[in-house]
Amino acid sequence: MGLLGMILAAVLAAVIIAIVIVKYLPLKLRWIPSILLLFLAVYLGFKIYNGIMEPINFNKNKITRYAKVVDNLKMIRDAEVKYYEANGNYTKDKNALIKFIDTAKLALTNTKTIVETVNKGGGITDEVERRVTDTIGYEPVLKYFKDRDYKTMFSVPGLKGTEFELEVGTVEKVQGLVVPTFMAKTPKKALLEGMNESLVKQELEVIAADQIKGEYVSVGSLDEVTTAGNWPPSYDKKSDKKE
């Protein structure tokens with residue numbers, strides 16, 4: 001029974017008790033229904049309070065659970081992006097991705113514009129600008145994961161023994177241009193285990209812009225070229241404050 005239903009039922013019960021008091025009970029017994037009405041008022045107040053607070057507490061608890069999951073998904077995303085910079089594709093091999101962070105180095109480049117004199121024949125020359133990229137050094141990928149627990153980034157926080165699903169694919173961005181994609185995700189339902197079932201069902205169907213849409217918390221996509229997560233900007237602000 002919903003909150004409105006409980007209120008209506010309580011009001012109806014109070015009316016019935018009042019009618020009984022007025023029509024049928026002698027004065028010396030009217031203290032009994034008065035006590036009943038008092039208990040009914042306390043019970044109704046308790047139910048109304050819980051009905052108001054339960055969605056508020058649910059929202060607070062889900063945000064706390066989701067925030068830890070989002071932090072790990074950001075690490076997976078950052079690792080995949082660096083892997084792509086080094087190899088030109090993404091990987092679904094979780095152990096290989098962790099090893100990549102531990103051991104790989106990324107080239108540091110410097111791009112400059114030079115002017116060349118081109119002989120066009122017949123004694124005619126022209127100056128042409130050309131961009132040249134040189135490798136000037138290397139930096140360890142590990143630098144980007146300092147003070148981050150990347151070795152456990154595939155473990156879903158709060159779900160012992162559960163890891164994020166990780167997939168890779170390709171998308172034809174324009175005709176003839178195939179681009180690698182990746183996606184990491186975990187079901188929201190498992191993260192909300194033990195919470196109000198009705199509110200969990202609503203959460204899995206949410207489409208509001210300030211919420212995590214759909215049945216998963218995820219980053220990347222197999223259907224479009226993106227490295228974004230499906231969480232709203234508020235989760236990024238929480239991470240910034242924490243860091």
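Predicted model: local features only at pLDDT ≥ 70, side-chain atom pairs only at ≥ 80, totals over all residues.
A polar contact here is a pair of N or O atoms within 3.5 Å; within protein, one atom must be able to donate a hydrogen and the other to accept it, and residues adjacent in sequence count only if both atoms are side-chain atoms. Helices (H or I, at least four residues) and strands (E, at least two) are DSSP runs, numbered from the N terminus. Residues are numbered from 1 along each chain as its sequence is written, and side-chain values use heavy atoms, with hydrogens and water left out.

Let us start with helix α5. Its N-terminal end is capped by Asn196, which has a side-chain oxygen 2.9 Å from the backbone nitrogen of Ser198. Further along, Leu199, Val200, Glu203 and Leu204 of α5 are buried; buried means under 20% relative accessible area, exposed over 50%, and partly exposed in between, with a 1.4 Å probe and protein chains only. These four cover an arc of only 140° around the axis, so they sit on the same side of α5. The arc is that of the directions from the helix axis to the C-beta atoms. As background, an α-helix has 3.6 residues a turn, so residues three or four places apart point the same way.

Is Lys62 buried or exposed? Lys62 is buried, because its relative accessible area is 4%. Its contacts, meaning heavy atoms within 4.5 Å, include Leu192, Met195, Glu203 and Gln211, leaving out residues up to four places away in sequence. The side chain of Lys62 also makes a polar contact of 3.3 Å with that of Asn59.

Now for the nonpolar core, defined as a set of buried Ala, Val, Leu, Ile, Met, Phe, Trp, Tyr and Cys residues joined through side-chain atoms within 4.5 Å. The largest one has 39 residues, and Leu73, Ile76, Met153, Val217 and Trp231 have the most contacts inside it. Two or more residues come from each of α2, α3 (94-103), β4 (177-187), α5 (197-204) and β5 (216-221). Of these, α2 gives the most, with ten residues. Leu73 touches Phe164, Ala184, Lys185, Val217, Ser218, Val219 and Trp231, not counting residues up to four places away in sequence. In soluble globular proteins, nonpolar side chains tend to be buried together.

Several of these names belong to strands, and that brings us to the sheet. Two strands pair if DSSP finds at least two bridges between them. Three strands form an open sheet in the order β3-β4-β5, with antiparallel pairing. Its edge strands are β3 (165-174) and β5, each of which pairs on one side only. From one strand to the next, the twist averages 20°; the axes are lines fitted to C-alpha atoms, for helices over the stretch in contact, and angles run from 0 to 180 degrees between N-to-C directions.

Nine bridges join β3 to β4, with Leu166 partnered by Ala184 and Gly169 by Thr181. Two residues lie between the strands of this hairpin, where Gly176 takes a positive phi near 90°. Eight of the eleven residues of β4 are buried.

Our last stop is a second hairpin. Strands β1 (residues 105-121) and β2 (residues 124-140) run antiparallel and are joined by 16 bridges, with Ala107 opposite Tyr138. Two residues separate the strands, and Gly122 in the turn has a positive phi of about 65°. Asp126 is in β2 and is partly exposed, with a relative accessible area of 32%. Beyond its neighbours within four places in sequence, Asp126 is in contact with Glu116, Thr117, Val118 and Lys120. From C-alpha to C-alpha, Asp126 and Val115 are 9.9 Å apart in space, and they are eleven residues apart in sequence.
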